[in-house]
Amino acid sequence: MIIVIGAGITGLNAALTCQRTGREVLLLEASDRVGGRIKTDLISGYQLDHGFQVINPAYPEVKRLNLQLQLQTMEAGVKVATADKNFIVADPFRNPRNIISTLRAPIGSFKSKRALISFLFQKQRTGISNFEVELNSHGINGPLYEKVIRPFMRGVLLGELDLVDAQVGRELLKFFAKGTPGIPLKGAQTLPDLMAKQIDKLNLNESVASVNGKVVTTDQRTYTAEKIIVAIDGANAANLIPEVTPPRFNLSTTWYFATADKVVADKFLMVDGEGRGPIVNLIALDQICASFAPANMQLLSITTLIPCDENEVKSHLRLLIGKLPQDLQLIKEYHIPRSLPAFIPNYSRPNFQQISGELFIAGDYLCGPSQNGALMSGRLAAEAAIS
Ligand SMILES: Cc1cc2nc3c(=O)[nH]c(=O)nc-3n(C[C@H](O)[C@H](O)[C@H](O)COP(=O)(O)OP(=O)(O)OC[C@H]3O[C@@H](n4cnc5c(N)ncnc54)[C@H](O)[C@@H]3O)c2cc1C
């Protein structure tokens, strides 16, 4: 029997990969649900993900799964707010309606826009380790970098671009150029839920306390396994397996506000091109899908990365949308200290780790800070375990 520990999307994909080859697999999960960091709450008619999270259909690992996610897509582009005016920078191929506003956007020279396009299509690596330096060295600088790419990618990586490995940053930016992300009709948790439906043996509420050779001890019993795949987040994995180096995490807070006043009437992710406050990005979820909020209500999702309070968020929001509705109400705030592993420049990226003949480690922190990285790590660890 193969034991997979942790039923986040890494562990689910590891279990599915082993199961498909006819192996007996047992998936052990400490909590009472699958999905780990991907969770959706329904609160008073509002559908809220634990942290604003989108799924990019261009992720190769998501394509492989071939699931009916019913993605409700956002616009292919970004709305940039500045003190002067707001403008849209959209992909002219996927979003031709906004071509004029994109051409008029005050984001610097044609040269820097061309540099971005060539960067997105270039396969060759530069050998530069810092994402910000790599972008700048390609000519992606000035207003295009400061007002658009930097604020947008801060929200994707949940950290500063000069603290991110160039290869990791480039890969994620390219995914946005290839696919238009969205949120499943029933929330991000649809992804792990649909995967879990295919798992034959899943024990929830069973926490693994130790792994010794082929023996797995949980808070309930002891198992002997042929192979073991540890697919839990990096911090917990390091507590369980001494050979695992704990990653550094980037934190995030998602604030959900509701109002009957539809102050945002589009599906664009909005960023502040001038960094005038703590908000990293803002999106009106009811515009993406009406069923994400009760009838006639607007649901704003706002992400911040630095410690701040509700008043600071509201002050910044006022600058972004012009006025604060009278009835604006905070529905829920999710503070997630371990949101994404921080892939600092030159961070080791083995995809998965093999500790011994029977012990394998998988997780986003070994492969990439995204659903694609998590799924890929789980699949590759499983393929190695069954080979
Ligand atoms: C706020 C936020 C926004 C994000 N946005 C995006 C996005 O827009 N796009 C994107 O691609 N990615 C995004 N991500 C990243 C993505 O969600 C993660 O990379 C992915 O979900 C990680 O999955 P995982 O299975 O590796 O880890 P986890 O989801 O952490 O799962 C680990 C599981 O192991 C279980 N576990 C822990 N210890 C034990 C034990 N001892 N015994 C048994 N089980 C145990 C846990 O309960 C958990 O279920 C976001 C993440 C967050 C938090």
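Reader: What makes the shell around the ligand a matter of both domain 1 and domain 2?

Author: In this predicted model, the shell takes at least three residues from each of domain 1 (2–37 + 189–248 + 352–386) and domain 2 (40–74 + 182–186 + 249–341). Of the 34 residues around the ligand, those that come nearest are Gly6, Gly8, Gly36, Gly51 and Ser370. Helix H1 (9–20), H9, strand S18 (329–341) and H13 are the elements that give two or more residues to this shell.

Reader: What makes domain 1 and domain 2 touching parts of the chain?

Author: Two residues are in contact if their C-beta atoms lie within 7 Å. By that test, 18 residues of domain 1 are in contact with 15 residues of domain 2. The C-alpha centres of the two domains lie 29 Å apart. On the side of domain 1 that touches domain 2, two or more residues come from each of helix H8 (190–196), helix H9 (234–240), helix H12 (364–367) and helix H13 (371–386). H13 gives the most to that side, with 5 residues. By class, the residues of that side are 9 nonpolar, 5 polar and 4 charged.

Reader: Which residues is alanine 381 in contact with, leaving aside its neighbours within four places in sequence?

Author: Alanine 381 is in contact with Ala14, Ile229, Phe352, Phe360, Ile361 and Ala362.

Reader: Why is strand S7 called mostly covered?

Author: A residue is buried if 20 or more other C-beta atoms lie within 10 Å of its own. In strand S7 (residues 86–90), 4 of the 5 residues are buried, and the strand is therefore mostly covered.

Reader: How do you know that strand S6 and S7 pair?

Author: Pairing requires at least two bridges between the strands. Strand S6 (residues 77–81) and S7 are joined by 5 bridges, so they pair, and they run antiparallel. Alanine 81 stands opposite asparagine 86 in S7. With 4 residues between them, S6 and S7 form a hairpin.

How values were computed
Residues numbered from 1 in each chain as written. Predicted model: local features only at pLDDT ≥ 70, side-chain atom pairs only at ≥ 80, totals over all residues. Domains from an automatic or database assignment. Nonpolar A, V, L, I, M, F, W, Y, C, P; charged D, E, K, R; others polar. Near = placed C-beta within 6 Å. Buried ≥ 20, exposed ≤ 12 C-beta atoms within 10 Å, placed from the backbone.
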